[in-house]
Amino acid sequence: MKYPISWLKEYVDITIPITELADKLSLAGLEVEAIETVNDGISNVVIGRIEKITPHPNADKLNVTQVFDGTTSHQIVCGAKNIYEGALVPVSLPGAVLPGGFKIKKAKLRDVESNGMICSESELGCCEKSDGIWLLPSDAPLGADFIQWAQLIDVVLEIGILPNRGDCQSIIGLAREISVLLNSPLKALNTEVQSTPLNQPLTIKNDANTLCPLYSARRIVNISQSASPIWLRRRLQLCDIRPISFLVDITNYVLLETGQPLHAFDQEKLAENIIIRLANDKETIKTLDGQRRELSKETLCIATPKGIQAIAGIMGGADTEVDIHTQNIVLESAFFDAQTIRKGCHSVGLRSESAARFEKGVDIENCINAANRACHLIQTIAGGTVDETHYIDKNDTHPLFNKKTIAFDDAIINRLLGSEFTREEMVETLEKIGITITNSTAHIPSWRNADLTEYPCLAEEIARLRGFDQIPSKLPATALPMMKTTDTTRIKTQLMTHFNALGFTECITFPMLGEKDLINAGFEKTENTPEFANPLTQNESLLRPSLLASLLKVAQHNINRQMSSFKLIENGHSYALSSDKKTVKQTEWITLLFTDTTYSNPYKPSYKDIRLDNILQIKGLLIDSIQSISKAEITITPNEKQQLHPVHQGQVSLSDKTVAEFGQLHPSIAKKFNIQTDCGYIAINIDELAKIKEETPQFKEISKLPASRRDIALAIKKSTTYDDISTLIKQNKSKYLTDFYTFDEFESEKLGKDIKSIAIAFIYQSTDTNLTDEDINTAHKKLSETLIEKLDIQIR
Amino acid sequence: MQKSLEKLKQDTLITIKNSTSIQELEDIRVNTLGKKGALTDILKGVKDLSNEEKPVIGKLANEVKTALFIEIDAKRATLDTEALNATLLNNTEDITLPAISFGFGHTHPITQTVKEVSAIFARLGFSVAEGPEVEDDYHNFEALNIPEHHPARDMHDTFYLTAGQVMRTHTSPVQIRVMENTPPPIMTLAPGKVYRCDFDVTHSPVFHQIEGLYVDKDVSFAHLKGTLEFFLKELFGKDLTVRFRPSYFPFTEPSTEVDVQCFKCKGAGCNLCKKTGWIEILGAGMVNRNVFRSVGYDPDALSGFAFGLGIDRIAMLKFGITDIRLLYENDLRFLKQF
């Protein structure tokens with residue numbers, strides 16, 4: 001909310017510099033977000049009277065005026081249409097400075113001398129746009145300093161009021177806080193009213209007195225409305241409220257000043273029976289903004305037998321609206337339940353200054369006072385007769401009328417704060433803000449009713465007002481050993497470091513995607529895809545089923561910026577709805593997407609063609625990383641992920657749990673993201689990997705006896721897989737075969753179209769006997785024969 | 001004869017010293033010490049010597065022989081080294097050419113910041129916990145003392161899923177989950193993504209927070225101050241002033257915002273601190289008694305403090321990043337700077 005200093009000063013003396021005040025407020029929990037000096041530097045604008053207007057000899061749209069400033073007359077050329085002879089206007093004379101540093105000089109306009117400028121409201125920085133010269137009321141003092149008279153220069157504090165400090169959402173509320181901070185008395189509101197019995201009956205029927213424990217209505221008649229005084233309009237504008245008409249302006253003014261929303265009904269349009277009740281379902285009202293609105297049965301409203309006249313605390317109805325001709329009003333000042341107002345705003349879809357006050361809780365003890373303030377202002381400015389009877393419906397049994405108390409114990413407060421304030425110091429501080437202490441009870445003032453509930457609230461008040469710097473600093477006393485790092489944390493940290501060392505760069509993407517993104521990436525929206533009820537845009541309306549869809553967009557972003565080689569990695573989640581739709585299952589992944597050579601900058605021939613996005617390298621990259629985490633045996637099985645190459649893909653299992661998948665991106669998907677080359681994909685399911693039980697490896701004796709190697713070069717059909725061969729070897733191996741591995745593989749014309757060569761080394765070793773050549777040859781021969789027999793292959 | 005031996009030694013030492021190749025050295029060895037070498041020649045005269053002279057000359061001859069062998073070996077080692085060095089120098093690579101390597105990858109500035117922050121708190125005993133990003137209303141709001149229709153809900157621009165869940169608007173629900181599953185005392189840190197439906201230069205719909213929670217008997221606001229001062233000084237420098245400013249969060253009371261003196265202008269006021277001299281870093285407070293009640297802790301027996309800090313903001317300050325959106329574009333030209 002915005003607070004003009006000039007207005008605050010009506011209620012509390014401010015003698016320190018504004019920046020110092022702002023610091024004090026910020027350190028007391030009222031954060032000053034901006035200090036705005038309004039019209040800083042403007043000067044030399046006086047109130048003048050237009051004596052004579054003659055047409056400009058050389059311009060159709062201009063007039064030449066003679067303006068009298070109380071001592072001299074000045075010739076000023078003016079283009080506005082709303083001026084007339086005798087009008088009182090603000091005049092800036094040569095040497096004047098207007099908002100924005102605009103300097104007024106003598107000038108010639110189409111050959112006619114002009115000695116100044118007659119100003120509009122916008123030229124004086126008082127509104128955005130105005131339709132002509134600012135015409136002043138007839139009582140404006142001729143020749144006076146207009147800047148001072150119209151209070152054009154002001155300093156406005158903008159303060160972010162926190163949800164618990166509804167009591168500070170008003171000039172008086174902030175002035176009260178300032179009076180505590182500056183040790184300066186708070187001045188009372190002038191609420192003096194001359195009342196007269198009107199003897200016009202009015203009944204209030206309160207059918208919702210829990211939600212509206214206090215409702216007051218008062219008649220004011222024979223008001224002679226004209227435009228609101230400049231100072232009043234000015235203050236509303238400084239607080240970002242648009243002046244509308246006198247009566248509306250007054251209710252807004254009192255709302256800003258006291259924090260109590262008021263509503264003025266046109267008495268002639270309102271019946272004599274006011275009913276406070278909840279709306280019936282689908283009951284409608286045409287509100288002040290001209291819209292017809294449907295209400296729900298939780299919405300509190302002010303009605304007459306004819307129907308709803310106002311949505312209580314939120315907005316008035318068009319049927320009983322006051323206008324510039326209204327002379328007689330019924331002024332409402334009431335307390336409406338905060339939650340009910342908030343719910344009402346949601347269901348009607350309306351927010352208002354009034355609702356913003358009610359939903360943070362207004363001061364029930366201030367309702368009548370605020371109404372009196374409005375009566376006082378109306379009567380002072382526009383005359384009118386205020387009814388002697390103030391019709392009040394009060395639910396005396398409502399808890400709000402019992403003075404609220406909180407148990408007070410200085411020791412407990414010091415224990416929570418870690419402070420050493422004396423009881424006297426605490427009492428002194430609390431009493432400044434209206435909290436009285438008797439023995440072990442704190443009595444809460446009505447304006448803090450909604451906010452202060454338990455002793456930590458008192459501790460907070462003491463701490464903030466005495467200063468957080470008065471509390472010592474200590475390090476925690478608990479000797480608590482750090483909890484063990486969870487398996488997921490350990491695994492992901494290790495894997496990220498592993499891939500980082502291999503050149504992968506970490507991305508962080510949003511998990512929100514559009515349906516189009518899913519389709520482009522080869523996925524589809526299913527009934528298990530979590531969907532946003534209020535997405536920012538349709539492109540961010542779903543939660544991703546896979547990190548692949550997000551990383552493809554990153555790839556595209558970089559390719560489109562001439563970075564077509566990349567090694568991307570992300571640690572993030574995929575999301576799916578559970579079958580009962582009540583929960584969303586999050587799965588944590590480390591996902592890699594890459595198209596690049598293995599070595600960075602491989603300018604030497606031997607490095608040039610080694611690509612990391614080759615399927616066997618992709619597989620190797622994944623297996624190495626899994627083996628860095630787990631010693632369990634890895635099984636690789638085919639996979640059918642449609643986003644990947646139909647054959648060049650697979651999944652990795654450990655102890656029968658699928659923990660990862662890998663492959664080359666399907667070219668048709670790659671193309672959609674401008675990826676022109678092979679592209680590797682690896683996704684490691686961290687949640688599953690963390691479930692693998694790790695056994696501590698147990699030492700096996702290292703053989704001291706020499707190992708022997710025998711090689712076989714096989715010519716095999718291309719349709720025979722390495723898996724076929726290795727399975728057979730494992731099934732038929734001798735007990736001395738400790739290891740075997742491929743050391744060569746190639747195809748050639750000489751071998752023939754369907755044949756390839758594969759060379760395997762076999763390592764024979766025993767831990768207890770010295771193997772003779774014969775032992776080894778026998779075992780090796782037996783194995784070779786089995787391979788030839790079972791696999792239709794030839795030994796080369 | 002004695003003189004001849006001395007002369008042979010001196011002459012040969014000079015020729016060894018002057019030799020320039022292994023072959024030359026070998027020739028010297030053969031010519032001097034070989035079967036038909038100069039030494040043998042000289043020693044042919046021994047038979048003509050007296051019995052007194054014989055052992056004296058014999059000893060001298062051995063000394064000459066040993067001395068020459070040692071010198072030849074030493075010279076050979078020198079020549080070998082020189083020869084190897086010459087070979088090495090002949091076949092060199094230009095080592096100023098660019099390196100060929102895997103190239104190291106880059107860790108996202110957010111992750112780097114999370115690691116740094118967690119490491120500081122780890123020194124005080126805080127362990128890392130995690131919780132779901134898709135939350136229920138209860139854990140994100142209700143249990144944190146933000147009932148439905150509470151004005152504080154306006155502070156959170158919440159994303160809702162059609163199935164009724166919310167994207168967590170802060171990491172605070174992890175507090176609740178940790179307390180629901182763990183008896184006190186607790187010292188925990190919860191880093192992670194959070195979601196708000198808001199997007200401009202300073203707001204991103206997804207950003208990162210770290211939540212901290214310390215619950216035990218007799219935890220006080222003084223502990224909150226001590227812990228956070230320690231953290232901020234470790235992170236930003238020991239000479240910076242830290243300021244605690246009263247604030248409001250439904251789940252803590254008293255609540256505070258913590259500012260550090262602007263490290264760019266040292267408090268004088270600049271663009272980074274919006275002329276205030278202070279940079280707002282985190283929010284914190286003493287755990288609200290209603291929060292303890294909602295997890296079944298006894299609010300009279302326990303107290304605690306909680307804090308939440310925006311990782312993105314800290315990363316931006318630390319690395320001088322001006323637009324939050326850069327963090328999530330994943331442009332390699334950006335990521336490779338860190």
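Author: Accessible areas come from the Shrake-Rupley method with a 1.4 Å probe, and for residues only the protein chains shown count as cover. By that method the accessible surface of chain A comes to about 37,500 Å², of which 48% belongs to carbon and sulfur atoms, while chain B exposes about 15,300 Å², with carbon and sulfur atoms supplying 53% of it. This is a predicted model, in which local features need pLDDT of at least 70 and side-chain atom pairs count only at pLDDT 80 or more, whereas totals for chains, interfaces and linings use all residues. Residues are numbered from 1 along each chain as its sequence is written, chains are lettered from A and ligands numbered from 1 in the order in which they are written, and side-chain values use heavy atoms, with hydrogens and water left out.

Reader: How do you know what radius of gyration a compact globule of 796 residues would have, and what does chain A have?
Author: The radius of gyration is taken over C-alpha atoms, and the globule rule is 2.2 Å times the number of residues to the power 0.38. For 796 residues the rule gives a value near 28 Å, but chain A has 42 Å, and the C-alpha trace of chain A spans about 130 × 80 × 55 Å along its principal axes. For the 338 residues of chain B the rule gives a value near 20 Å, but chain B has 41 Å, and its C-alpha atoms fill a box of roughly 130 × 50 × 45 Å.

Reader: What makes Ser784(A) buried?
Author: Buried means under 20% relative accessible area, exposed means over 50%, and partly exposed lies in between (1.4 Å probe, protein chains only). Ser784(A) has a relative accessible area of 8%, and it is therefore called buried. Ser784(A) lies in helix 21 (residues 773-791) of chain A, where a helix is a DSSP run of H or I with at least four residues, a strand is a run of E with at least two, and both are numbered from the N terminus. Leaving aside its neighbours within four places in sequence, Ser784(A) is in contact with Ile712(A) and Ile795(A), contact meaning heavy atoms within 4.5 Å.

Reader: Why is Asn674(A) called partly exposed?
Author: Its relative accessible area is 29%, so Asn674(A) falls in the partly exposed class. Asn674(A) is found in the loop between helix 18 (667-672) and strand 35 (680-685) of chain A, and its phi, near 65°, is also positive.

Reader: Which peptide bonds in chain B are cis?
Author: A cis peptide bond joins Pro184(B) and Pro185(B), with omega about 0°, and another joins Glu253(B) and Pro254(B), with omega about -5°. Pro185(B) sits in the loop between helix 7 (172-181) and strand 4 (186-195) of chain B, whereas Pro254(B) lies in strand 7 (residues 252-261) of chain B.

Reader: Why is helix 7 of chain B described as largely enclosed?
Author: Seven of its 10 residues are buried, so helix 7 of chain B is largely enclosed by the rest of the structure. Among the buried residues are Ser172(B), Val174(B) and Met179(B), and the elements that the buried residues pack against include helix 6 (137-140) and strand 5 (206-216) of chain B.

Reader: How do you know that strand 33 and strand 34 of chain A pair?
Author: Two strands pair if DSSP finds at least two bridges between them. Strand 33 (residues 644-654) and strand 34 (residues 657-665) of chain A are joined in the antiparallel sense over seven bridges, and the bridge partner of Gln651(A) in strand 34 of chain A is Glu661(A).
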